[in-house]
Amino acid sequence: QILLWKMERNGRPFETKFSSNPSIEDLRQKMADWIDERDWHKFHTPRNLVLALTGEMGELAECFQWKGEVADGLEGWTDTEKEHVAQEMSDVLLYLIRLADKCGVDLPAAAAKKIERN
């Protein structure tokens, strides 16, 4: 199941949990293999990946455009709309993972360090 959302439990927000499989490393490796198969390395420069990531963020933003305030769990949205959001979020995540790979950044470690710092 890919669609998760926050639920209330005893009047308090209850956070959903992400699956641990596949890991970010699994996704990085699957993408690297996929790109190897297509010989797309010449296209996957950091600059091109940032531009593609920006475009995907725009597509994600379009899902929310004109919606006003949106409740947790995308309450009131159709399953089709929720699936579209999940697909666009996936595109953003995959481009970010690929960018981190090309820039030599251990994304999970960098994210953990950022949380500790803040």
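Predicted model: local features only at pLDDT ≥ 70, side-chain atom pairs only at ≥ 80, totals over all residues.

User: Fine, start with the layout. How many helices and strands does the protein chain have, and what pattern do they follow along the sequence?

Analyst: The protein chain has 4 helices and 2 strands. Along the sequence they run β-β-α-α-α-α.

User: What share of the residues is buried?

Analyst: Of the 118 residues, 19% count as buried. The chain exposes about 9100 Å², with carbon and sulfur atoms supplying 55% of that. As for contacts, take the ones between residues at least 6 apart in sequence: 63% of those join residues at least 24 apart.

User: Now the core. Which residues make up the largest nonpolar core?

Analyst: The general idea is that in soluble globular proteins, nonpolar side chains tend to be buried together. Here the largest nonpolar core has 9 residues: Leu49, Leu53, Leu60, Cys63, Leu74, Trp77, Val85, Val92 and Leu99. Helix 2 and helix 3 (79–103) are the elements that give two or more residues to it, and helix 2 has the largest share, with 4 residues. Val92 is a handy one to click on: leaving aside neighbours within four places in sequence, Val92 is in contact with Leu53, Glu56, Met57 and Leu60.

User: There's a cysteine in that list. How many disulfides are there?

Analyst: A disulfide is a covalent bond between the sulfur atoms of two cysteines. The count in this model is 0. Cys63 is buried, at 11% relative accessibility, while Cys103 is partly exposed at 45%.

User: What about His44: buried or exposed?

Analyst: His44 lies in the loop between helix 1 (24–38) and helix 2 (46–64). The cut-off for buried is under 20% relative accessible area, and His44 has 10%, so this residue counts as buried. Beyond its neighbours within four places in sequence, His44 is in contact with Ile35, Leu49, Arg98 and Lys102.

User: On to charges. How many salt bridges are there?

Analyst: The count comes to 5. When you read one, check the distance, then where the partners sit. Arg28 pairs with Glu25, their closest N and O atoms being 2.8 Å apart. These two are 3 residues apart in helix 1, so about one helical turn separates them. Both are partly exposed: Arg28 at 21% and Glu25 at 44%.

User: Which salt bridge ties together parts that are 14 residues apart in sequence?

Analyst: That's Glu81 with Lys67, where the closest N and O atoms are 2.7 Å apart. Glu81 is in helix 3 and Lys67 is in the loop between helix 2 and helix 3, so the pair ties together parts 14 residues apart in sequence. Glu81 is partly exposed at 28%, as is Lys67 at 32%.

Methods. Residues numbered from 1 in each chain as written. Heavy atoms only, no water. Buried < 20%, exposed > 50% of the residue type's maximum accessible area, 1.4 Å probe, protein only. Contact = heavy atoms within 4.5 Å. Areas by Shrake-Rupley, 256 points an atom, 1.4 Å probe, with all protein chains shown as cover. Core = buried A, V, L, I, M, F, W, Y, C linked by side-chain atoms within 4.5 Å. Disulfide = S-S within 2.5 Å. Salt bridge = Lys/Arg side-chain N within 4 Å of Asp/Glu carboxyl O.
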